[in-house]
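Colleague: I've got a model open and I'd like to learn to read it feature by feature. Could you walk me through it?

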Amino acid sequence: MATIILASHGELSQGLKQTAAMIIGDHSNIYALSAFRDEDQPMTEQIQNILAKVDLADTYILTDILGGSVNNDLLRVVQEHPDLELIAGMNLPLVITLATQVNRVSQEELAAIIQESQQSIVNCKKLLVEATAEEDEL
């Protein structure tokens, strides 16, 4: 089973972990780290401690925003451990899909999972307006 490390500014990562647990149950393979809170260790040290215990080739680090300080710090970690995957722009569908994979994910499958999670971002008002317009046409 894949290891998922959620890393964010503030408490976003804890919220995603808690919400995922409500949907798929508690998973000991999901870790949540927050930067710029009252942590005892820098995030990079916390990540290194987790990485020492897991299969790096089946570990995904998800960050909140591309180019943010958390993402930039973790790019350095990935340079040290090229088997790791680092994905920016985490959302709940991405977390749930990766956390529930039974087998190791290929690069093609990972690309499809990322695309699927991106497609979960939808302007619902636009959908409602379009659906209402279709009903009016009938």
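**Reading the cover, the sheet and the ends**

Modeller: Let's start with a helix: the buried residues of α4 are covered by β1, α1, β2, β3, β4 and α5 (107-119), among others. Contact here means heavy atoms within 4.5 Å. Buried means under 20% relative accessible area, exposed means over 50%, and partly exposed is in between, with a 1.4 Å probe and protein chains only. Helices (H or I, at least four residues) and strands (E, at least two) are DSSP runs numbered from the N terminus.

Colleague: And what sort of model is this, and how are residues numbered?

Modeller: This is a predicted model: local features need pLDDT of at least 70, side-chain atom pairs count only at pLDDT 80 or more, and totals for chains, interfaces and linings use all residues. Residues are numbered from 1 along each chain as its sequence is written, and side-chain values use heavy atoms, leaving out hydrogens and water.

Colleague: Back to α4, then. Which of its residues are buried?

Modeller: Leu 94, Val 95, Ile 96, Thr 97, Leu 98 and Ala 99. That's 6 of the 8 residues, so α4 is largely enclosed by the rest of the structure.

Colleague: Which residues of α2 are buried?

Modeller: In α2 (residues 43-51), they are Met 43, Gln 46, Ile 47, Ile 50 and Leu 51. They sit on the same side of α2, because they cover an arc of only 135 degrees around the axis; the arc is taken over directions from the helix axis to the C-beta atoms. Their cover includes β1 (3-9), β2 (30-35), β3 (59-63) and α3 (69-80).

Colleague: Now the sheet. In what order do the strands lie?

Modeller: Strands of a sheet pair through backbone hydrogen bonds, either parallel or antiparallel. Here an open sheet of 4 strands runs β2-β1-β3-β4, with parallel pairing. β2 and β4 (85-88) are the edges, each pairing on one side only. To count as paired, two strands need at least two DSSP bridges between them.

Colleague: How many bridges join β1 to β2, and how many link β1 and β3?

Modeller: β1 and β2 share 6 bridges, and Ser 8 stands opposite Ser 34 in β2. β1 and β3 are paired over 5 bridges, where Leu 6 faces Leu 62 in β3. Although β2 is an edge strand, 5 of its 6 residues are buried.

Colleague: How does the whole chain read along the sequence?

Modeller: Its 6 helices and 4 strands follow the pattern β-α-β-α-β-α-β-α-α-α. Buried residues make up 37% of the 138 residues, and the C-alpha atoms fill a box of roughly 60 × 35 × 30 Å along the principal axes.
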